[in-house]
Amino acid sequence: MASKIILNFLHSLILVIFIFYIYISGSTSAAMPYGKPRHYKPCKQLVLYFHDIIYNGQNARNATSAIVAAPQGANMTVFAGQSRFGNIVVFDDPITLDNNLHSPPVGRAQGFYMYDTKNTYTAWLGFTFVLNSADHQGTINFIGADPLMIKTRDISVVGGTGDFFMARGIATLRTDAAEGEVYFRLRVEINFYECW
């Protein structure tokens, strides 16, 4: 009887030690040595600009984006309501190395954004930079929320091809210029933390 109690006690003790070991191992992972966050340095950095000219019913020749979905009864050439909630826009915008729309493009920004909040300007983005220049060949894929009223916003770099094969990182967006509801320019500072 006493040996059974001792055996149960040892099993319980081993279980407690095992759980404690798992707890300790999880809290001292490589990403957080000694409980302090590690500050990673980017393996590659890039700053690009993309220029979005929204189709407004009169600028078909120059437009690089268009509203493709809107709330019921809305006009497809004018944004809906105060916060644009419900609008979905697709784009094929030129990318330049500087903030001049007329600079030679180094690629295209292709994707969509949708306004997904009723009470403020917030968009959700999914797009790709398709780069085809002497300096950069390949694609960079981005995804994330864009709270437009904040000066700088971060979205995720979730992959790429060519020079950016399997790239991971953060892209910091800043609205560099805006002209009414027709034109805006984004400065995109890309920090890659996984480079192959």
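Residues are numbered from 1 along each chain as its sequence is written. In this predicted model, local features need a pLDDT of at least 70 and side-chain atom pairs count only at pLDDT 80 or more, whereas totals for chains, interfaces and linings use all residues; side-chain values use heavy atoms, with hydrogens and water left out.

The protein chain has an average pLDDT (the predictor's confidence in each residue, from 0 to 100) of 83, and 76% of the residues score at least 70. Helices (H or I, at least four residues) and strands (E, at least two) are DSSP runs numbered from the N terminus. Among the elements of the protein chain, the highest mean pLDDT, 95, belongs to strand β7 (residues 152–162), and the lowest, 60, to helix α1 (residues 2–27). The pLDDT is below 50 over residues 27–32, a stretch with seven contacts in the model beyond near neighbours in sequence; a contact means heavy atoms within 4.5 Å.

Strands are taken as paired if DSSP finds at least two bridges between them. Strand β3 (residues 88–96) runs antiparallel to strand β4 (residues 107–115), and eight bridges join the two. Within this pairing, Gly 111 of β4 stands opposite Phe 91. β4 also pairs with strand β5 (residues 122–132), in the antiparallel sense and over nine bridges. Here Thr 128 in β5 is the bridge partner of Gln 110. A hairpin of six residues connects β4 to β5.

Grid points are joined across faces, edges and corners, and a volume is the space filled by probe spheres set on the points.

The structure holds one cavity of 30 Å³ or more.

The largest pocket has a volume of about 340 Å³. Its lining comprises 20 residues, with Arg 84, Tyr 115, Leu 148, Thr 175 and Phe 184 nearest the centre. Two or more lining residues come from each of β4, β5, β8 (168–179) and β9 (183–194); β9 gives the most, with three.

Note on methods. On a 1 Å grid over the protein atoms alone, a cavity is a set of points where a 1.4 Å probe fits but cannot get out, and a pocket is an open set with protein on both sides within 12 Å along at least five of seven lines; lining residues have an atom within 4 Å of a point.
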